[in-house]
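Subject: Structure handover

Hello,

Here is the structure for you to look over. My notes follow below it.

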Amino acid sequence: MFVERDTTLLVEGYAEVKVEEGCVEVFGCKIRDMIVERGKIYPFYVLEDSEVVVNGKFIAVKGSTIPRSWENLLRKIKDEGCKKIMLFGETDSGKSSLATYLANKLEGRKWIVDLDVGQSDVAHPCAMGFGLTYGNITSISQVDMLDGFFVGVVSPTGREARCLQGIASMMRKIEDLRCDDYVIVDTTGWVRGKRARSYKLAKIEMIKPDLIVCFGEVPHYLREFNTFEVESFVLKKRSRELRSEIRRRLYERWLENSEVRRFKVGEIELGNTTLFKGEEVEFLDVLDVKVLFAEKGYDFLNVFVEKDVKVGLELVKALLEVYNVSDICIFSMNQIRGLLVGLYSDKYLGCGILRDIDVKKREIEVETPVNKRVKRVEFGEIKLENFREVVVRVP
């Protein structure tokens, strides 16, 4: 179809777009053809009279839909020499879209830091990641992850300390690498409430941004910093079900071409778990199932059983007292099979799925596409059943 210049085609996925003649851009990136995935809406701005084919749902509007405040932001960044920019806003406010726009419009190298463990673009769900781009991208998901940090959950709530540990680690690495490059930090949408305030302020202390870009009104606790308000670019909020579906697709993508690998504890380190960190002990004959392995550490007791078993609260209290520990985990392989794990060398490599534990050989079996040397495997707190998340209790 023929489309006049200074027109925006708002295309909702799933859709396929092909520019047969003319010039069209998305967030400042010129494109010839592009697939819009389900759950996404992209603005295709027509710079000159063009022939465009859209196989999918779209609407055409006159002019550019990029907010004027985004253009003003660009000027502020350049005029003030801001190099480290942190994006602040609620879920589905347009943070990732603005990060893409800045990556395309700012000159030179840009480090994209994605701290959103729920809807990560640079890493996968349950992880944070960073990568380098020179622009010419339609989404920050096109930025390859150079390094990251495996958190193991899809929300920072209740896991703030672990997330902050990851942020500190990644920012140290970027400072060693970046020279005078731009750093664009995309954050989670958890911004309301006392805990969210404390979490954001702690992140700011670690990131030390030159500028905080706020979608909408600047909250009171950020007014002491250099801030700038921008308008949101979101045409349709995503439902919880759709966000879960998007995460499912991301898991599939990050785990495709997986193969089974076996790792021996001692040759690799296990992280974010107490498994194999204690001394093996005899366990009292109080369960209705066979105990395969039991270990006691300074403040924990792990009991690995042959099959699922229900344990009453009174028995748990008694075991805590008898073994003088503050935490006890009674688990079967069936309960944790499918656990999402993170694999590291000297940097974060990617994720995998726990398939088996051999307590006699002290080995774990992981299905993963990672084929590089692994030094550490970190346990998450969810398992995947047909790529759907299930919260589990792990040792």
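**The largest pocket**

The lining of the largest pocket has 13 nonpolar, 15 polar and 13 charged residues. Here Ala, Val, Leu, Ile, Met, Phe, Trp, Tyr, Cys and Pro count as nonpolar, Asp, Glu, Lys and Arg as charged, and the others, Gly among them, as polar. Please note that this is a predicted model: local features need pLDDT of at least 70, side-chain atom pairs count only at pLDDT 80 or more, and totals for chains, interfaces and linings use all residues. Residues are numbered from 1 along each chain as its sequence is written, and side-chain values use heavy atoms, with hydrogens and water left out.

The largest pocket holds about 920 Å³ of space. Of its 41 lining residues, G39, K40, Y42, D121 and R238 are the closest to its centre. β2, β4 (33-36), β5 (41-62), α2 (95-105) and α5 (240-255) each give two or more residues to the lining. The largest share, five residues, comes from α5.

Pocket terms: on a 1 Å grid over the protein atoms alone, a pocket is an open set of points where a 1.4 Å probe fits, with protein on both sides within 12 Å along at least five of seven lines; lining residues have an atom within 4 Å of a point. Grid points are joined across faces, edges and corners, and the volume is the space filled by probe spheres set on the points.

**The chain overall**

The protein chain has seven helices and 23 strands. These are DSSP runs, numbered from the N terminus (helices H or I, at least four residues; strands E, at least two). The C-alpha trace spans about 80 × 45 × 40 Å along its principal axes. Of the 395 residues, 54% are buried (under 20% relative accessible area, 1.4 Å probe, protein chains only). Among contacts (heavy atoms within 4.5 Å) between residues at least 6 apart in sequence, 68% join residues at least 24 apart.

**The cores**

The largest nonpolar core has 89 residues; F44, W70, L73, I77, L98, L102 and L340 touch the most other members. Strand β2 (residues 7-26) gives this core its largest share, seven residues. A second, separate core of 26 residues includes L339, V341, I364 and V374. A nonpolar core is a set of buried Ala, Val, Leu, Ile, Met, Phe, Trp, Tyr and Cys residues joined through side-chain atoms within 4.5 Å.

Look at W70 next. Not counting residues up to four places away in sequence, W70 touches F27, G94, S97, L98, Y101, F215, V230, E231 and F233. S97 sits in helix α2. S97 is buried, at 18% relative accessible area. Beyond four places in sequence, S97 contacts F27, W70 and F233.

**G380**

G380 lies in strand β22 (residues 376-385). G380 counts as buried because its relative accessibility is 0%. Leaving aside neighbours within four places in sequence, G380 contacts F150, G152, L339, L340, V341 and V394. G380 and C126 are 254 residues apart in sequence, yet 8.0 Å apart in space, C-alpha to C-alpha.

**A four-strand sheet**

An open sheet runs in the order β15-β16-β17-β18, with mixed pairing. β15 (279-280) and β18 (327-332) stand at the edges with a single partner strand each, so one side of each has no neighbour in the sheet. Strands β16 (residues 291-296) and β17 (residues 300-305) pair antiparallel over five bridges; pairing needs at least two DSSP bridges between two strands. A294 stands opposite V303 in β17.

Best wishes

How values were computed. Buried < 20%, exposed > 50% of the residue type's maximum accessible area, 1.4 Å probe, protein only.
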